[in-house]
Structure formats: C-alpha cells, structure tokens
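Hi,

Here is the structure I promised to pass on.

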Amino acid sequence: MLHPMPVRALAGVGPATGAKLHTLGVETVADLAAADRDVLTSVFGSAHGTGLYALARAQDNRVVVSERAAKSISAEETFASDVVDRRVLDAELNRLVDKVTARLTSSVAFAKTVTLKIRWHDFTTVTRSASLPYATGTPQCSGVKPIA
C-alpha cells in the first residue's frame, strides 16, 4: 500500500532528505525499500538512514499518540462477499447500532448526528446523515421522536 507513494509521504522525509534521495534515484517508498541500507546510513547517518530503511518496510514501533479527542464514535463492517438479503442487512445494522450505543454509554458521550455509509460492490459510496435538535441523553432531547 505504501510502495507506490512518493517518498516524501514518509515521516522524516522533508525537502532536504527528499532532494538527497532524489539524487540516489529514490522517488517512491518502493524505491526506498529496495535501497541499500549501507548507502542510506552513509548518506543520512546511522540513525536517520536506518530509520528511513525501516519505515519503507513498514517497520515502525513508535506509539501512536492522538493529538486531539475523538469527535465521533463509529462502527463498520466489510463483508467477505456481497450481501443482498434485506434481513441480513437489517440485522447487521442493528448489531452496529448496538456497538456504537455501547461505546457512547461507556465513554459517557452523547450523539446528535447519525450517519449511515453504504459502499456497493463497485465501490460507489452513498452517505446519509440525520441530526436531532439536541444531543441524545440531554434533558432537551427527552420526548424527541426518533427519525424515521
């Protein structure tokens, strides 16, 4: 998935590193993955050269740290084969709704907008959203009729 991307897409590859890699004939992540580690460490130094070598091979043990709180809670399912049975789809939708509801409850969060995304076999995607006048679970929301 990364290999066709330009090498500049990798963390740590800015304009200067990108220019040096260009002189080595490295344009894509695949090019970097195929590069000689010794050449990379001689040009960029041991730490940076080894780091570039590893990143191009999807070897990265750094911890991912979120810089902001999540603004949405979601659940989705990709089927191994196309599903056209309405009963199966309804059951799956109910399962996903239950999953999101449990996440909302456990995180003590409220929801105002519900979005449904459907991707068809040809990857055409249809998205529909509906919003309540107030977030769920708030006093203002009591008595609000469900969206049909």
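By "buried" I mean under 20% relative accessible area, with exposed being over 50% and partly exposed in between (1.4 Å probe, protein chains only).

Before going further, some housekeeping. This is a predicted model, where local features need pLDDT of at least 70 and side-chain atom pairs count only at pLDDT 80 or more, while totals for chains, interfaces and linings use all residues. Residues are numbered from 1 along each chain as its sequence is written, and side-chain values use heavy atoms, with hydrogens and water left out.

**Overall build**

The protein has 5 helices and 2 strands, and along the sequence they come in the order α-α-α-α-α-β-β. Helices (H or I, at least four residues) and strands (E, at least two) are DSSP runs, numbered from the N terminus. The radius of gyration is 23 Å, whereas a compact globule of 148 residues would have one near 15 Å. That radius is taken over C-alpha atoms, and the globule rule is 2.2 Å times the number of residues to the power 0.38. The C-alpha trace spans about 70 × 35 × 20 Å along its principal axes. Buried residues make up 18% of the 148 residues. The accessible surface comes to about 11,300 Å², and 58% of that belongs to carbon and sulfur atoms; these areas come from the Shrake-Rupley method with a 1.4 Å probe, and for residues only the protein chains shown count as cover.

**Salt bridges**

Back to Glu-92, which sits in helix α5. The side chains of Glu-92 and Arg-95 meet in a salt bridge, at 2.6 Å from N to O. The cut-off for a salt bridge is a side-chain nitrogen of Lys or Arg within 4 Å of a carboxyl oxygen of Asp or Glu. The two residues are 3 apart in helix α5 (residues 86–106), so about one helical turn separates them. In general, an α-helix has 3.6 residues a turn, so residues three or four places apart point the same way. Arg-95 counts as partly exposed, at 36% relative accessibility. Glu-77 also belongs here: Glu-77, Glu-92 and Arg-95 are linked in a network of salt bridges. Not counting residues up to four places away in sequence, Glu-92 touches Glu-77 and Phe-79, where a contact means heavy atoms within 4.5 Å.

The whole structure has 5 salt bridges. Among them is the one between Asp-60 and Arg-62, at 2.7 Å from N to O. Asp-60 is partly exposed at 37%, and Arg-62 is exposed at 55%. Another joins Asp-85 to Arg-87, with the closest N and O atoms 3.4 Å apart. There, Asp-85 is partly exposed at 29%, while Arg-87 is exposed at 66%.

**The nonpolar core**

The largest nonpolar core has 15 residues, and those with the most contacts inside it are Val-7, Leu-10, Val-13, Leu-21, Leu-32 and Leu-40. α2 (29–34), α3 (37–44) and α4 (46–56) are the elements that give two or more residues to this core, and α4 has the largest share, 4 residues. A core here is a set of buried Ala, Val, Leu, Ile, Met, Phe, Trp, Tyr and Cys residues joined through side-chain atoms within 4.5 Å.

Leaving aside neighbours within four places in sequence, Leu-40 has contacts that include Leu-21, Leu-32 and Tyr-53. Tyr-53 is also one of the buried residues of α4, along with Gly-49, Leu-52, Ala-54, Leu-55 and Ala-56. What covers them includes α1, α2 and α3.

Thr-17 lies in helix α1 (residues 15–23) and is buried at 12% relative accessibility. With neighbours within four places in sequence set aside, Thr-17 is in contact with Gly-12, Phe-44, His-48 and Leu-52.

Leu-93, Val-97, Leu-116, Ile-118 and Trp-120 make a nonpolar surface patch of about 430 Å². Patch residues have over 30% relative accessible area and no salt bridge; like charges are joined within 9 Å, and nonpolar side chains (Val, Leu, Ile, Met, Phe, Trp, Tyr) within 5 Å. α5 and β1 (113–119) each supply at least two residues of the patch. Trp-120 is in the loop between β1 and β2 (125–131) and is partly exposed, at 48%.

Cheers
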